[in-house]
Amino acid sequence: MITATLSRYVAATHARPLPGGVREAVIHHLIDTVAAMVSGSMLEARQGATAFVRELSGKQQATVIGTDLLASAESAALANGMFAHADESDDSHGFSVTHPGCSVVPAALAI
């Protein structure tokens, strides 16, 4: 039931303006996550992520940040998500105890 309610709400968002402050928060989270991805691309996570992409990605659809790699959307999203979380400066959401930026932003950029 909650999934259906949430799905209807999300599907209808294109017809509504963003509530005040939401646009600014989105911009801050986006910038924060991209900065974390760039920073993380220089850390130890780089080696594992790029090895994974080189071995398993056959398509050239999306950029792996901080590298010269083009990878499948799935592989780039995974590598960039690893980078975003690598230095633990990514955003967090206390109520849900999650780090949504390091999963949402790399996936959105890859597609």
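Arginine 46 is partly exposed, with 28% relative accessible area, where partly exposed covers the range between buried (under 20%) and exposed (over 50%), using a 1.4 Å probe and protein chains only. Let us start from this residue and work outwards. The structure is a predicted model, in which local features need pLDDT of at least 70 and side-chain atom pairs count only at pLDDT 80 or more, while totals for chains, interfaces and linings use all residues. Residues are numbered from 1 along each chain as its sequence is written, and side-chain values use heavy atoms, with hydrogens and water left out.

Arginine 46 sits in helix 3, which spans residues 45–56. Setting aside residues up to four places away in sequence, arginine 46 touches Gly40, Ser41, Gly66, Thr67 and Phe83, a contact being heavy atoms within 4.5 Å. Glycine 66 is 20 residues from arginine 46 along the chain, and their C-alpha atoms are separated by 8.9 Å.

Now step back to the whole chain. The protein chain has 5 helices and 2 strands; these are DSSP runs numbered from the N terminus, with helices being H or I of at least four residues and strands E of at least two. Reading from the N terminus, the order is α-α-α-β-β-α-α. The C-alpha atoms fill a box of roughly 40 × 30 × 25 Å along the principal axes. Of the 111 residues, 29% count as buried. If you take the contacts between residues at least 6 apart in sequence, 48% of them join residues at least 24 apart.

What about the surface? The accessible surface of the protein chain comes to about 7,500 Å², and carbon and sulfur atoms account for 63% of that; the areas come from the Shrake-Rupley method with a 1.4 Å probe, and for residues only the protein chains shown count as cover.

Valine 38 lies in helix 2 and is partly exposed, at a relative accessible area of 43%. Its C-alpha atom is separated by 6.3 Å from that of isoleucine 65, which is 27 residues away along the chain.

Helix 2 (22–40) also brings us to the largest pocket, as helix 2 and helix 5 (101–110) each supply at least two residues of its lining. Here a pocket is an open set of points on a 1 Å grid over the protein atoms alone, where a 1.4 Å probe fits, with protein on both sides within 12 Å along at least five of seven lines; lining residues have an atom within 4 Å of a point. The lining consists of Val26, His29, Leu30, Asp91, Pro100, Gly101, Val104, Val105, Ala108 and Leu109. Helix 5 gives the largest share, 5 residues.

The loop between helix 4 and helix 5 deserves a visit too. Histidine 93 is found in this loop and is partly exposed, with a relative accessible area of 38%. Leaving aside neighbours within four places in sequence, histidine 93 is in contact with Thr98 and Pro100. Histidine 93 and valine 26 are 67 residues apart in sequence and 13 Å apart in space, C-alpha to C-alpha.

Valine 97 belongs to the loop between helix 4 (73–86) and helix 5 as well. Valine 97 is exposed, with a relative accessible area of 72%. Its backbone is worth a look: valine 97 has a positive phi of about 55° although it is not a glycine. Most residues other than glycine have a negative phi.
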